Amino acid sequence: MEAGKIYTIKLNSGEEVITKVVEITRDNLIITDPVSIAPGQQGMQMIPSMFTAEPRGKVTLNTNAIAFYANTDDNIKDKYIEATTGIKIPDKKIILG
């Protein structure tokens, strides 16, 4: 795991979280913009993991709460960036000419 990258983290509670890791300490991850994955009417949706916290604040996640983690799929990562920043990532197209 590296600081500055976006990861999918499965917590011991079973919750799946997508977040950007800002800093890694011995016992904790400092993360920003954590979103949980939940089923919705149009399929899986991203919802805020914490509704009453400072929206752009840093959050401390104890590493004992993590069951496992993985790199987030590029398509999901693009949707996460759009949801948390408002920046739409353009489709990757090959220009021929």
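**Close-up views of a predicted model**

**View 1. A nonpolar patch on the surface.** Met-1, Ile-24 and Tyr-69 come together as a nonpolar patch on the surface, with about 260 Å² of accessible area between them. A patch takes residues with over 30% relative accessible area and no salt bridge, joining like charges within 9 Å and nonpolar side chains (Val, Leu, Ile, Met, Phe, Trp, Tyr) within 5 Å. A salt bridge here is a side-chain nitrogen of Lys or Arg within 4 Å of a carboxyl oxygen of Asp or Glu. The areas come from the Shrake-Rupley method with a 1.4 Å probe, and for residues only the protein chains shown count as cover.

Before moving on, a word on the model: it is predicted, so local features need pLDDT of at least 70 and side-chain atom pairs count only at pLDDT 80 or more, while totals for chains, interfaces and linings use all residues. Residues are numbered from 1 along each chain as its sequence is written, and side-chain values use heavy atoms, leaving out hydrogens and water.

View 2. Tyr-7 and Tyr-69 make an edge-to-face pair, 5.8 Å centre to centre with 90 degrees between the planes. (Rings of Phe, Tyr and Trp, the last by its six-membered ring, pair if their centres lie within 6.5 Å; planes under 30 degrees apart are stacked, over 60 edge-to-face, and the rest tilted.) Tyr-7 sits in strand E1 (residues 6-11) and Tyr-69 in strand E6 (residues 66-71), so the pair ties together parts that are 62 residues apart in sequence. Strands (E, at least two residues) and helices (H or I, at least four) are DSSP runs, numbered from the N terminus. Tyr-7 is buried at 4% relative accessibility, whereas Tyr-69 is partly exposed at 41%. Buried means under 20% relative accessible area, exposed over 50%, and partly exposed in between (1.4 Å probe, protein chains only).

View 3. E1 pairs with strand E2 (residues 16-24) in the antiparallel sense over five bridges; strands pair if DSSP finds at least two bridges between them. Lys-10 stands opposite Glu-16 in E2. Four residues lie between E1 and E2 in their hairpin, and Gly-14 in the turn has a positive phi of about 100 degrees. E2 also pairs with E3, antiparallel over six bridges, and that hairpin has three residues between its strands. Val-21 has Ile-31 in E3 as its bridge partner.

**View 4. Around Ile-37.** Ile-37 lies in strand E3 (residues 28-40) and is partly exposed, at 22% relative accessible area. Leaving aside neighbours within four places in sequence, Ile-37 is in contact (heavy atoms within 4.5 Å) with Glu-16, Ile-18, Met-44, Gln-45 and Met-46.
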